[in-house]
Amino acid sequence: MPVTVTRTTITTTTTSGLGSPTILGSPRALTQPLGLLRLLQLFSTCVAFSLVASVGAWQGFMGNWCMFAWCFCFAMTLLIIIVEVAGLQPRFPLSWRNFPITYACYAALFCLSASVIYPTTIVQFMPAGRSRDHAIAAVVFSCIACVAYATEVAWTRARPGEITGYMATVPGLLKVVETFVACIIFAFIVDPYLYKYKAALEWCVAVYAICFILAAVAILLNLGDCTNMLPIPFPTFLSGLALLSVLFYASAMVLWPLYQFDEKYGGQPQRRMDSNCPNHHSYKVCSWDARLAVAILTAINLLAYVADLVYSAHLVFVRV
């Protein structure tokens with residue numbers, strides 16, 4: 001039985017993914033499986049950033065990103081717990097049927113990125129000692145937080161036969177992945193030197209920006225329950241967005257590697273050809289590494305948009 005999405009779809013069951021009823025506006029909400037899971041998220045992210053902060057074990061852009069990820073997730077999880085315990089969902093400015101799972105998906109990706117980036121760019125280059133031990137422990141708690149957020153997504157996502165919010169469906173969750181990956185791409189292309197003076201590469205940057213904006217608009221329309229403000233039906237907007245994004249990203253998937261790594265088009269096929277990339281460890285990402293990272297992330301987002309298009313075609317939209 002297919003998932004049915006009404007309007008933006010704001011319908012959902014009143015149970016958690018484990019089938020237990022959700023208790024709202026009471027401290028008893030924290031004794032339910034979902035409440036206990038959020039306490040684990042809160043504790044894990046708090047411990048992760050506290051361990052790193054206690055020894056000052058973060059440097060450069062990568063270290064700052066990991067620290068931001070843990071602090072952001074801690075703060076937002078605390079906000080969600082306060083809202084649910086106090087029963088403030090009706091006063092919350094965003095759709096509560098879409099917001100928690102949207103945030104949980106973003107938090108899982110934040111913690112996943114920190115769990116990969118921090119040990120590979122910082123921990124492995126630290127000398128043995130107290131700081132390294134704290135950093136390793138922080139990675140462990142970051143992984144625990146990632147699993148906890150991913151579990152929440154798995155518990156609260158749409159099930160066959162349920163009427164649910166759009167963000168709980170596979171296309172809705174893919175929108176989160178698409179915007180997150182696009183943000184990582186923007187972080188790597190912050191230096192205009194990577195693409196300026198080449199029209200093909202500037203087109204790729206335009207693709208990343210256009211597709212990010214369209215996906216972000218779709219998410220915000222759902223979170224704000226504003227899908228009826230569009231001049232066209234929301235399902236039509238979603239299908240057109242997915243198709244357009246697939247075509248755009250397909251062009252970027254061809255042009256970006258071609259103009260960055262093919263010598264015929266002024267690219268650098270090998271890392272050693274880039275004088276800005278040192279052989280020793282550096283907390284700064286060199287230009288060739290950034291080019292490679294963008295190429296990989298472009299492929300990941302292309303796959304996400306293709307999956308989005310396929311799943312969107314199978315969703316059953318019901319006008320109300």
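Student: How do I read the accessibility of Arg 38: is this residue buried or exposed?

Tutor: Start with the scale: buried means under 20% relative accessible area, exposed means over 50%, and partly exposed lies in between (1.4 Å probe, protein chains only). Arg 38 has 4% relative accessibility and so counts as buried. Keep in mind that this is a predicted model: local features need pLDDT of at least 70, side-chain atom pairs count only at pLDDT 80 or more, and totals for chains, interfaces and linings use all residues. Residues are numbered from 1 along each chain as its sequence is written, and side-chain values use heavy atoms, leaving out hydrogens and water.

Student: Which side chain meets Arg 38 at 2.6 Å?

Tutor: The idea to apply here is the salt bridge, a side-chain nitrogen of Lys or Arg within 4 Å of a carboxyl oxygen of Asp or Glu. In this model Arg 38 forms one with Glu 84, at 2.6 Å from N to O. Glu 84 sits in helix α2 (residues 60-86) and Arg 38 in helix α1 (residues 33-55), so their pairing ties together parts that are 46 residues apart in sequence. Glu 84 is itself counted as buried, at 12% relative accessibility.

Student: Which residue forms a salt bridge with Arg 38 at 2.7 Å?

Tutor: That is Glu 152, whose closest N and O atoms with Arg 38 are 2.7 Å apart.

Student: How many salt bridges does the structure hold?

Tutor: There are three. The one still to discuss joins Asp 308 and Lys 175, with closest N and O atoms 2.6 Å apart. Here Asp 308 in helix α8 (residues 287-314) is linked to Lys 175 in helix α5 (residues 170-188), 133 residues away. Asp 308 is buried at a relative accessible area of 0%, and Lys 175 is buried at 0% too. Shared partners, meanwhile, join Arg 38, Glu 84 and Glu 152 into one network.

Student: Let me step back to the fold. How many helices and strands are there?

Tutor: Helices (H or I, at least four residues) and strands (E, at least two) are DSSP runs numbered from the N terminus. The protein has eight helices and two strands, in the order β-α-α-α-α-α-α-α-α-β. Of its 320 residues, 47% are buried.

Student: And what makes up the nonpolar interior?

Tutor: In soluble globular proteins, nonpolar side chains tend to be buried together. A nonpolar core is a set of buried Ala, Val, Leu, Ile, Met, Phe, Trp, Tyr and Cys residues joined through side-chain atoms within 4.5 Å. The largest one here has 88 residues, and those with the most contacts inside it are Tyr 118, Ile 189, Tyr 208, Tyr 249 and Trp 256. Helices α1 through α8 are the elements that give two or more residues to this core, and α3 gives the most, with 13 residues.

Student: Which residues are in contact with Tyr 118?

Tutor: Contact means heavy atoms within 4.5 Å. Leaving aside neighbours within four places in sequence, the partners of Tyr 118 include Val 52, Cys 66, Trp 70 and Val 139. Thr 45, in helix α1, is buried at 0% relative accessibility. Not counting residues up to four places away, Thr 45 touches Trp 70, Cys 73, Phe 74, Cys 111, Ala 145 and Tyr 149.

Student: Which residues make the nonpolar surface patch?

Tutor: Patches are made of residues with over 30% relative accessible area and no salt bridge; like charges are joined within 9 Å, and nonpolar side chains (Val, Leu, Ile, Met, Phe, Trp, Tyr) within 5 Å. Leu 40, Phe 43, Ile 136, Val 140 and Ile 144 make a patch of about 400 Å². Helices α1 and α4 are the elements that give two or more residues to this patch, with α4 giving the most, three residues. Val 140, in helix α4, counts as partly exposed at 44% relative accessibility.

How values were computed: Accessible areas come from the Shrake-Rupley method with a 1.4 Å probe; for residues, only the protein chains shown count as cover.
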